[in-house]
Amino acid sequence: MVYLAVIALLGGIACGMAGLDSALPVEMIVSNKDLILYVLMFLVGISIGLNRGIVSKIREYHIRIFVIPAGIIAGSLAGGVVSGLLTGLPLEQSTAIASGMGWYSLAGVTIGNLAGAQAGSIAFLSNLLRELFSFFSIPMISKKLNYLTCIAPAGATSEDTTLPMMIRYTDGETVVLSVFNGVICSAAVPFLISFCYNFF
């Protein structure tokens, strides 16, 4: 999936540089990017609805189950503030980019619509790198720290693309909490991007 995302990005750059933006297939995609985004959100909703074990875990943990996603959201936003101060990127952009929490496809399109193509590209690449970093860091974190900490770098991807790493390197309880975290973070991403961009 990561390879396909990189290939798609490079293919898009090549089309743009070659002046193919007026070609019919490319023009159709660009003019319907909001519709494509809504379809993507619908598909994420289906994946959330298919996870039956989440409801039982919510009953078992009650309000404590929200501690992990709340910490990950707060840490991501704090990282966005620090990154903005270090790089000179406006805080509304840096925090909005960090709000993607690894969901590179949504973050890239949404922030691109809000702040332009350059910010959208930064959002896409930084969130893609977060997902890649998760693949490499989860095995080390599970050995050096603990299983629950493995959920943090994954962010919103802990319910889908990085879930196989959770299954391999953690236990069953952590996997369920990972799915729940991914559901909450994924649901929060569109709201957080808009909120951060307009608040800061």
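Okay, let's start with a crossing: α6 and α8 cross in a right-handed way. Keep in mind that what you have on screen is a predicted model.

Which residues make the contact? On the α6 side you'll find Q93, I97 and A98. On the α8 side, look for A119, I122, A123, S126, N127 and R130. Sorted by class, that contact has five nonpolar, three polar and one charged residues.

Now zoom in on I97, which sits in α6. Is I97 buried or exposed? Its relative accessible area is 7%, and buried means under 20%, so I97 counts as buried. Setting aside residues up to four places away in sequence, I97 touches L89, I111, A119, I122, A123, S126 and N127.

Let's follow one of those partners, I111. I97 and I111 are 14 residues apart along the chain, and their C-alpha atoms are separated by 7.2 Å. Beyond its own neighbours within four places, I111 is in contact with A96, I97, G116, A119, G120, A123 and I193.

I111 also takes us to the core. In soluble globular proteins, nonpolar side chains tend to be buried together. In this model, the largest nonpolar core has 33 residues, and the ones with the most contacts inside it are M101, I111, M166 and V189. Which elements give two or more residues to it? That would be α5, α6, α7, α8, α9, α10 and α11. The largest share, eleven residues, comes from α11.

You'll find M101 in the loop between α6 and α7, and at 1% relative accessibility it is buried. Most residues other than glycine have a negative phi. M101, though, has a positive phi, near 45 degrees.

Last stop: S158, in the loop between α9 and α10. Any guesses: is S158 buried or exposed? It's buried, with a relative accessible area of 0%. Leaving out neighbours within four places in sequence, S158 is in contact with I151, L163, M166, S178, V179, N181 and G182. You've met M166 already, as one of the residues with the most contacts inside the largest nonpolar core.

That's my tour, thanks!

Methods: Residues numbered from 1 in each chain as written. Predicted model: local features only at pLDDT ≥ 70, side-chain atom pairs only at ≥ 80, totals over all residues. Heavy atoms only, no water. Left-handed = near helix turned anticlockwise from the far one by under 90°. Helix = DSSP H or I, 4+ residues; strand = E, 2+ residues; numbered from the N terminus. Contact = heavy atoms within 4.5 Å. Nonpolar A, V, L, I, M, F, W, Y, C, P; charged D, E, K, R; others polar. Buried < 20%, exposed > 50% of the residue type's maximum accessible area, 1.4 Å probe, protein only. Core = buried A, V, L, I, M, F, W, Y, C linked by side-chain atoms within 4.5 Å.
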